[in-house]
Amino acid sequence: MRASIKRLLGRPVDFPAEITLSSGEKYLLPHPDHAHMHPNTRDLIIYPDDGPFSLVVNPDQIVSLKSLRKAS
């Protein structure tokens, strides 16, 4: 899953995107600047638009990544 996350974050054309966790929670990433892979722990750091906090996610907890961009 880490490779898929890195590939998604490297392609701004695929945004907005949605990440679904194993708990059922979904997070919208309007732009690749809203997330990054931590260089040491390899966790995904998400910066949601609502709320002042960031979220640290173990990539093993991600069950789906999908682009919400409409096909042209």
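Biologist: Which residues of helix α1 are buried?

Modeller: This is a predicted model. Helix α1 covers residues 2-9. Its buried residues are I5, L8 and L9.

Biologist: How wide an arc do they cover around the axis of α1?

Modeller: I5, L8 and L9 are the buried residues in question. They lie on the same side of α1, because the arc they cover around the axis is only 95 degrees.

Biologist: Which exposed residues sit on the face of α1 turned away from its buried side?

Modeller: The buried side is covered by elements that include β1 (17-21), β3, β4 (44-46) and β6 (62-67). The face turned away from that side carries exposed residues, namely A3, K6 and R7.

Biologist: Why does H34 count as buried?

Modeller: H34 lies in the loop between β2 (26-29) and β3 (35-37). Beyond its neighbours within four places in sequence, H34 is in contact with L29, I45, I46, Y47 and D49. Buried means under 20% relative accessible area. H34 counts as buried because its relative accessibility is 17%.

Biologist: Which residues of β2 are on its uncovered face?

Modeller: In a regular strand, side chains alternate between the two faces of the sheet. In β2, Y27 and L29 form the covered face. The uncovered face of β2 has K26 and L28.

Biologist: Which residue stands opposite K26 in β2?

Modeller: β1 and β2 run antiparallel and are joined by four bridges. Their hairpin has four residues between the strands, and G24 takes a positive phi near 100 degrees there. Opposite K26 stands T20.

Technical notes
Residues are numbered from 1 along each chain as its sequence is written. This is a predicted model: local features need pLDDT of at least 70, side-chain atom pairs count only at pLDDT 80 or more; totals for chains, interfaces and linings use all residues. Side-chain values use heavy atoms; hydrogens and water are left out. Helices (H or I, at least four residues) and strands (E, at least two) are DSSP runs, numbered from the N terminus. Buried means under 20% relative accessible area, exposed over 50%, partly exposed in between (1.4 Å probe, protein chains only). Contact means heavy atoms within 4.5 Å. The arc is that of the directions from the helix axis to the C-beta atoms. Two strands pair if DSSP finds at least two bridges between them.
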